Amino acid sequence: MPEESEYVLGTNDEELARLGLQHRVWRPIVLDCWRRAGITFGSRVIDVGAGPGYATIDLAELVGPTGEIFAIERSARFLEFAKKACAVRGLSNVRFRQADLMEESLGNLEADATWCRWVASFVSSPEKLVNTIAGALRPGGVAIFHEYIDYRTWRLAPRRAAIESFVDEVVASWRASGGEPDVALSFPTLFRAAGLRIVEAHPRVLTLSPRDYAWQWPASFVEINLARLLELGRVDSVWVDQVRREFREAESDSMTLLNTPMFLEIIARRE
């Protein structure tokens, strides 16, 4: 895949590190979600959009040697990273598959569960993705999603105009690339058509101060995406410098609060 495409898709070295940080920030919430969804020893789980395998590893350890994980990922670079990480840990219960789910189906894998985090918001057809996921589950199996429903909750208190402009530009560039950041708004309709019944739905958002460990997650996102937006020609260096300056000013003030983009945690059962 060309270097430009790899960068836009977020598979460069900086993004690999950021995704690891992101997984650590949300890991306690994710593990509790999987428990409530019934993922346990012996489960067969599909990791949809497995990325570099951070969740894949946790799932493989959770289901144990009698369980099985199907790690589905579009990026060859991410898959290679995930394979090596699993090999280092001696995890032999993971099957890897490079696939673009906008171009091919998973088929009926009779899985007990699927895990899909921040994938539906990037694909060209969330409807096709949801149908593919539903079709890969056994009857009674569960589909678990973490997807944004209100991305513009990404804000600072007190307000910072340049940061709000940054969020607006992220959303605009996201949609220009064919994705939809607030994709969860369409889920009830898509789930009904796919034969999925919502069992649980919870909003997930963090409110952070600069002292919190999780602050590193949005901070790394700002830096990586400023470079991305500049390289794509959507913004100029003056704008980038203003956003960076405001964020650093906010970070130096211990009274600053940062709200993360709100996503929905949904557990849906195949009828």
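## Basis of the model

Residues are numbered from 1 along each chain as its sequence is written, and side-chain values use heavy atoms, with hydrogens and water left out. Because the model is predicted, local features need pLDDT of at least 70 and side-chain atom pairs count only at pLDDT 80 or more, whereas totals for chains, interfaces and linings use all residues.

## Overall architecture

The protein contains 9 helices and 10 strands; these are DSSP runs numbered from the N terminus (helices: H or I, at least four residues; strands: E, at least two). Its C-alpha trace spans about 55 × 35 × 35 Å along the principal axes.

Of the 271 residues, 54% are buried (under 20% relative accessible area, with exposed over 50% and partly exposed in between; 1.4 Å probe, protein chains only). Among contacts (heavy atoms within 4.5 Å) with a separation of 6 or more, 81% join residues 24 or more positions apart.

## The H8–H9 pair

Helix H8 (residues 216–231) packs with helix H9 (residues 237–251) at an angle of about 175 degrees, and their axes are 10 Å apart. The two are therefore roughly antiparallel (angles over 145 degrees). Axes are lines fitted to C-alpha atoms, for helices over the stretch in contact, and angles run from 0 to 180 degrees between N-to-C directions.

Contributors to the contact include Val222, Leu226 and Leu230 of H8 and Trp239, Val243 and Phe247 of H9.

## The buried residues of H5

In helix H5 (residues 126–136), the buried residues are Pro126, Leu129, Val130, Thr132, Ile133, Ala134 and Ala136. They pack against helix H7 (187–194) and strands S1 (44–48), S4 (111–117), S5 (137–150), S7 (196–204) and S10 (262–270).

Phe263 lies in strand S10 and is buried at 0% relative accessibility. Leaving aside neighbours within four places in sequence, its contacts include Trp26, Trp118, Tyr148 and His202. His202 is 61 residues from Phe263 along the chain, yet their C-alpha atoms are separated by 8.4 Å.

Gln22, in helix H2 (residues 13–37), is buried with a relative accessible area of 8%. Beyond its neighbours within four places in sequence, Gln22 is in contact with Trp118 and Trp217.

How values were computed: Angles under 35 degrees count as roughly parallel, over 145 as roughly antiparallel, 65 to 115 as roughly perpendicular and the rest as oblique.
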